[in-house]
Amino acid sequence: MACLHDHDCADHNCSSDWSLFKHIDLPKVSALNEAVTGSVKSVFKPWEQRLNSSEGHLESNEGDPELIVFIPFTADVKIKSIAIVGGADGTSPSKMRAFVNRDGIDFSDAQSMQAIQEWDLAENLQGVLEYQTRYSRFQSVGNITLHFPDNFGADTTRIQYIGLKGEATQMKRDVVANIVYEIMPNPSDHKIRILQEL
């Protein structure tokens, strides 16, 4: 749990340099247990706007602080760090678990599956903390699922901002939809020239 740089970010324009915001496939972002359907999209914004709550926030249902956030990318990415700005009064998430390139994770999956990495979070109301990834495990990421199992004691979990830093590696590959295998080769498809010596 540390900021990736050792200077005052107000004096430098460093935190937006590695932002993966422009590579998030925002229309396909989703969350489980969100109180307002679709509100998860409001937590993804440029780093400079991380404290702006006028566009909304993500909040879990009353009495159930657990959240799952699915984040697909438009290109394969390498993720270096994750920043989470939570809510006040104990509503910030206290733990985060990450799953890479797994579609359709629900709460029972998240509890039974081994996460690629887990973090104990601090209340980060000013958005100055970043959580470093085990970088070698976050290569060629097509999507990431973040599981927030608990908070600091409130009835709901509230997230104002999720920021991901890293770099895009390549455009996303299309899934091959139709493959044809030959059981028996057709000799007319494989013509071979035979050279004769004179």
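**Exercise 1. Decide whether Asp89 is buried or exposed, and locate it in the chain.**

Asp89 has a relative accessible area of 75% and is therefore exposed, given that exposed means over 50%, buried under 20% and partly exposed in between, with a 1.4 Å probe and protein chains only. The model is predicted, so that local features need pLDDT of at least 70 and side-chain atom pairs count only at pLDDT 80 or more, while totals for chains, interfaces and linings use all residues. Residues are numbered from 1 along each chain as its sequence is written, and side-chain values use heavy atoms, with hydrogens and water left out. Asp89 belongs to the loop between strand 3 (67-86) and strand 4 (95-100), where strands are DSSP runs of E with at least two residues, helices are runs of H or I with at least four, and both are numbered from the N terminus. The phi of Asp89 is near 60 degrees, a positive value in a residue other than glycine.

**Exercise 2. Classify the aromatic pair formed by Trp119 and Phe138.**

Begin with the rule: rings of Phe, Tyr and Trp (its six-membered ring) pair if their centres lie within 6.5 Å, and planes under 30 degrees apart count as stacked, over 60 as edge-to-face and the rest as tilted. The count by this rule is 1 aromatic pair. The ring centres of Trp119 and Phe138 are 6.4 Å apart and their planes stand at 45 degrees, so the pair is tilted. As for position, Trp119 is in strand 5 (residues 117-120) and Phe138 in the loop between strand 6 (131-132) and strand 7 (141-148), 19 residues apart, so that the pair links distant parts of the chain. Both residues, Trp119 and Phe138, are buried.
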